[in-house]
Amino acid sequence: MNVFGLVIPDAAIDIAVLVLILLGAVLCLSAAVGLLHFRDVPSRLHAATKPQVLGVMLICLAIALAQRSVGGFLLGLALVAPIVLMQFATAPLSAHIVGRQAYRNGTSEERRLVVDELAESKQTPPAAG
Amino acid sequence: MSTVLMGVIVAVFGVAAILTLIRIIRGPSILDRAVASDVLLTEVMCVLGAEMAINGHTRNIPVLLIIAAVGVFGSISVARYVARRDNTTS
């Protein structure tokens, strides 16, 4: 790879790609450990949403970097940008709906909440999901 | 160096998937299972992307795009039709 006259050997690019993938894998592992460790649904959601955005971003960066040329890197970035944008759009959506349902279900531990701003809207209308 | 890194990557992905499966099996309420299966789906995406980056091709990108687009509907529909108060022990 030749970046403005600076020649980067292919072996260094391979190591960088593998390190990026390893970071993404460690984020997946942290989400799994958090799922096992935390005790109610909102805390588990907190752990679960880490690899959904940052992990996928790192893996997509690795995909683009694995093309081993500047043009390939830019083309790879253009290819993976829709995936990352889609994750940005949909990860908060599912987390919001699951968290709201967990609150209405009584699955969250209400004794340990510091602020409960949804307390007065506990009675949900029948059609509100 | 890269062989060691690749082994570590495979081990980390495997352990993460096994721990997520344990939560899917044990999880007391169905929302725990929905969250855990979302995480498992994200791990599948990460593994597909890692395979692409390691082997240096871009054939899996449509699969990643489709999973990122429609994977959200699983947990949304589970959360929408879950019972208003299902019995959770522990």
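Predicted model: local features only at pLDDT ≥ 70, side-chain atom pairs only at ≥ 80, totals over all residues.
How many residues does the contact take from chain B and from chain A? It takes 47 from chain B and 48 from chain A. Two residues are in contact if their C-beta atoms, placed from the backbone, lie within 7 Å.

View 1. Residues are numbered from 1 along each chain as its sequence is written, with chains lettered from A and ligands numbered from 1 in the order in which they are written. Helix 1, helix 2, helix 3 and helix 4 of chain B each supply at least two residues of this side. Helices are DSSP runs (H or I, at least four residues), numbered from the N terminus. The largest share, 15 residues, comes from helix 2 of chain B.

**View 2. The largest nonpolar core.** This core has 55 residues. A nonpolar core is a set of buried Ala, Val, Leu, Ile, Met, Phe, Trp, Tyr and Cys residues joined through C-beta atoms within 7 Å; buried means that 20 or more other C-beta atoms lie within 10 Å of a residue's own. Helix 2 of chain B gives the most, with twelve residues.

**View 3. Around Ile59(A).** Ile59(A) is among the residues with the most contacts inside the core, as are Ile21(A) and Ala62(A). Leaving out residues up to four places away in sequence, Ile59(A) touches Ile21(A) and Gly24(A), plus Cys46(B), Gly49(B), Ala50(B) and Ala53(B).

Key: Buried ≥ 20, exposed ≤ 12 C-beta atoms within 10 Å, placed from the backbone.
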